[in-house]
Amino acid sequence: MTPTRTTPLVQAEGRVGQETSATATASPAARRFRSVRALRAGPVSIRIHPRSLLVGAVLLVAVAVTAAAHVAVGGTPIPYPQVLAALTGGATEASVHLAVTEFRAPRMVAAILVGACLAAAGAITQTVARNPLASPDILGVTAGASAGAVAVLILAGGGAAGLSGVAATVGMPAAAFTAGLVAGVAAYLLAYRNGIDSYRLILVGLGISGFATALTTWMLTLGDVTSAAQALTWMMGSLNGKDWTLVQPMAAVAALLLGAAVLSGRWLLLAALDEDTAIGLGLRLGLIRVVALSLAVLLAAVATVVGGPLVFVALAAPQIARLLTRSPVPPVMVSALAGAVFVLVADTAAANLLATPLPVGVATAVLGAPYLIYLVIRSQRRPQ
């Protein structure tokens, strides 16, 4: 009988499965792995977590419902049938079609885009760092992107006419994206010492975030009152005035990155392993973590370019998804859907609950700060 040859990855996954089944009665996290099912069609196999599929389907419906409410509610409420007709190209009134497709729909898509990207970035970061407090907010990515955007707003003269106006419109997304990447790469390189330690990564990220925040504050003192006001509004996190010119290209980039992040789910499970286990299984854990963190940095940079540095979305949404699915690590797709609902609800509330509309970043902070306090208290009470 001819022996069957197996690749190192198959051998590694097989050992992981054997260790998981052997410890299923000893660990709640291990018992969760037993709910995973595999569908096989010839040489192709797909792992399915039924509870994650169910939660994902419910959240997908929630995204559709909250998106419709986001468009319908406003200064002039629009009935839901007219909203659906306008979104599908069947609006009977030109004013309704213009209001929905040109003014409210871009903002709605931007909210979904920002929430999904930040939540997916948070899920990846928390999995790689093996710490629920790890997020692009804490690791300095969003603060670095903010510094890049504010530099253009201040140094190029904000929204003034002429060359400075072009620089502020075109250069700000590029500067924010580049600065976010630089901050993420710097955090990884400074935290790397024969591997990534979650505690060291968070400390380095906090240092980079503090430096970027101080640099941003200093740049605000260099600009005039108008430019500084625009920069402060952007730093709060705002979806006001979003149009298809910015949303469409960023949506295309985000779709590619989210697809790559979802496909990397099997590798993220391996990235959650400790160094000794990874070495024993023959895994290139360093490479897996570099690729995963690169995806997280890119996702966070795209989200910050579109909506500014929205706080707590990347921190709270992945943990909400993990609790709903009872998964050992935050699932990327479910986290993205939870983040989209989070930002849609926050933006709808910020724009309509008070007489004066607020930036969406204020609403996400109000919703997310209590969760952060709860998470810190819970981690302190957990037995070591």
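Q: Which residues make the nonpolar surface patch of about 580 Å²?

A: Areas come from the Shrake-Rupley method with a 1.4 Å probe, and for residues only the protein chains shown count as cover. Here the members are Leu155, Phe211, Leu215, Trp218 and Leu222. This is a predicted model: local features need pLDDT of at least 70, side-chain atom pairs count only at pLDDT 80 or more, and totals for chains, interfaces and linings use all residues. Residues are numbered from 1 along each chain as its sequence is written, and side-chain values use heavy atoms, leaving out hydrogens and water.

Q: Which helix gives the largest share of the nonpolar patch?

A: Helices are DSSP runs (H or I, at least four residues), numbered from the N terminus. Helix 8 (residues 198-220) supplies three residues, the largest share.

Q: Is Phe211 buried or exposed?

A: Buried means under 20% relative accessible area, exposed over 50%, partly exposed in between (1.4 Å probe, protein chains only). Phe211, in helix 8, counts as exposed because its relative accessibility is 59%.

Q: Where is Gly307, and what does Gly307 touch?

A: Contact means heavy atoms within 4.5 Å. Gly307 lies in helix 13 (residues 285-307) and is buried because its relative accessibility is 0%. Leaving aside residues up to four places away in sequence, Gly307 touches Val114, Gly237, Ser238 and Leu239.

Methods: Helices (H or I, at least four residues) and strands (E, at least two) are DSSP runs, numbered from the N terminus. Patches are made of residues with over 30% relative accessible area and no salt bridge: like charges are joined within 9 Å, nonpolar side chains (Val, Leu, Ile, Met, Phe, Trp, Tyr) within 5 Å. A salt bridge is a side-chain nitrogen of Lys or Arg within 4 Å of a carboxyl oxygen of Asp or Glu.
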